Amino acid sequence: MPTSPKERNLNGTAAVAAVVPAAGRGERLGPGAPKALRELGGVPLLVHAVRALARSRAVGLVVVAAPPDGVADVAALLDGHGLDRQDVRVVAGGATRQESVRLGLAAIPEDTGIVLVHDAARPLVPVEVVDAVVAAVRAGAEAVVPAVPLADTVKRVEPQAPGIPEPVLDTPDRAVLRAVQTPQGFRRSALHEVHEKALAEESAGGLPPVTDDAGLIERFGGRVVVVPGHEEAFKVTRPLDLVLAEAVLARRRASDGF
C-alpha cells in the first residue's frame, strides 16, 4: 500500500499512524446520535478528535473505526469537514472498543513503526500532548500514556446493588495515582502482539476486554510509562462534560481563532 511522504518518515524516524475507535453508542450522553457524532460548537466530536491528531506534524495517517453500518456516512462526514485533504481512512469497527482498535490497526501499513490510539470523545486534546506521546515512544518506550494527577480523594469500595450504600475498603494515596487520557502511543509491533494474544484469549473464553490498550500491554507483561497530559484532554462522557467542552472551545476560538 503506498504511503505519503509524511507517513513514511520524518527526518528518518519511525512513521506514525493513529486509530480512533468510534463505533460505540455512548449511552451516558443520553438518547440520540452515537457519541462520536454529537456536536461540539456545531462540529461532531469525531471531527474535532481527528483534527487534533492531524495537527501533529508527526502523524501521517488517521484510521477511524466507524459503526459497521455507517462507514460511508462517516467518510462523507469527515470529507465534508475538510478532512479529505488529510490522510484519513474509515473502516468498519467492532462490537467492542478492543475489537475496533484491532480492526483499525489492521488497516495501517505494516511499515508504520508507531501507532497512537485516541478516543473520539476527547475532542480537545492539545497537539503538544500528541507530540509528547510520540516523542516518548521514539525515545524507546513500548507503550506511553498521557495522564494527570487526581484532584479528588479516591475511595476503594465494595460494590453493592443500586441504592445500597457501599462500604469503603481503603483510601489509596492519590499522590501515586493518575487519571489516564489519550492518545496512547505504542510500538506498532507491541500493540499488534498484545491484540493477537487478547483475541486468542477471547476465543478460549478467557479474560474480558480491558478498557484501554495500555491495559493490554500490562496484562501481557509489558511496560507502560506516563507523560504529562492536559486538563483540556478530558473525555466527553456525560451531558455536563459537553457543557464544559463548549466553554473550552469558546475560549479557544475567542483567543486564537481555533
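Good morning. Please keep in mind that the model on the screen is a predicted one.

Where does this residue sit? Glutamine 98 is found in helix H4, which covers residues 97-106. Setting aside residues up to four places away in sequence, glutamine 98 touches His195, Ala198, Glu202, Pro209, Val210 and Leu216. With valine 210 there is also a polar contact: a polar atom of the glutamine 98 side chain lies 3.1 Å from the backbone nitrogen of valine 210.

Let me now turn to helix H4 as a unit. Its buried residues are Gln98, Ser100, Val101, Arg102, Gly104 and Leu105. Which elements do they pack against? On the strand side, the buried residues of H4 pack against E1 (16-21), E4 (59-66), E5 (88-92) and E6 (114-117). On the helix side, their partners are H6 (188-203) and H7 (213-219).

The second residue I wish to present is alanine 141. This residue lies in the loop between helix H5 (127-138) and strand E7 (143-149). Is alanine 141 buried or exposed? Alanine 141 has a relative accessible area of 14%; because the cut-off for a buried residue is under 20%, alanine 141 counts as buried. Leaving aside neighbours within four places in sequence, alanine 141 is in contact with Ala136, Arg187 and Val225. Of these, I would draw your attention to arginine 187: it is 46 residues from alanine 141 along the chain, and the two C-alpha atoms are separated by 7.7 Å.

With these two residues described, I come to the chain as a whole. The protein chain has 8 helices and 12 strands. Its radius of gyration is 18 Å, close to the 18 Å that the globule rule gives for 258 residues, so the chain is as compact as a globular protein of that length. Along the principal axes, the C-alpha trace spans about 55 × 45 × 35 Å.

How much of the chain is buried? Buried residues make up 45% of the 258 residues. Among contacts between residues at least 6 apart in sequence, 72% join residues at least 24 apart.

Finally, the surface and the charges. The accessible surface of the chain comes to about 12,600 Å², and 55% of that belongs to carbon and sulfur atoms. The chain carries 29 positive and 32 negative charges, and the mean positions of the two sets are 3 Å apart.

Thank you for your attention.

Note on methods. Residues are numbered from 1 along each chain as its sequence is written. This is a predicted model: local features need pLDDT of at least 70, side-chain atom pairs count only at pLDDT 80 or more; totals for chains, interfaces and linings use all residues. Side-chain values use heavy atoms; hydrogens and water are left out. Helices (H or I, at least four residues) and strands (E, at least two) are DSSP runs, numbered from the N terminus. The radius of gyration is taken over C-alpha atoms; the globule rule is 2.2 Å times the number of residues to the power 0.38. Buried means under 20% relative accessible area, exposed over 50%, partly exposed in between (1.4 Å probe, protein chains only). Contact means heavy atoms within 4.5 Å. Accessible areas come from the Shrake-Rupley method with a 1.4 Å probe; for residues, only the protein chains shown count as cover. Lys and Arg count as positive and Asp and Glu as negative; His and the chain ends are not counted. The place of a charge is taken as NZ of Lys, CZ of Arg, CG of Asp or CD of Glu. A polar contact is a pair of N or O atoms within 3.5 Å; within protein, one must be able to donate a hydrogen and the other to accept it, and residues adjacent in sequence count only if both atoms are side-chain atoms.
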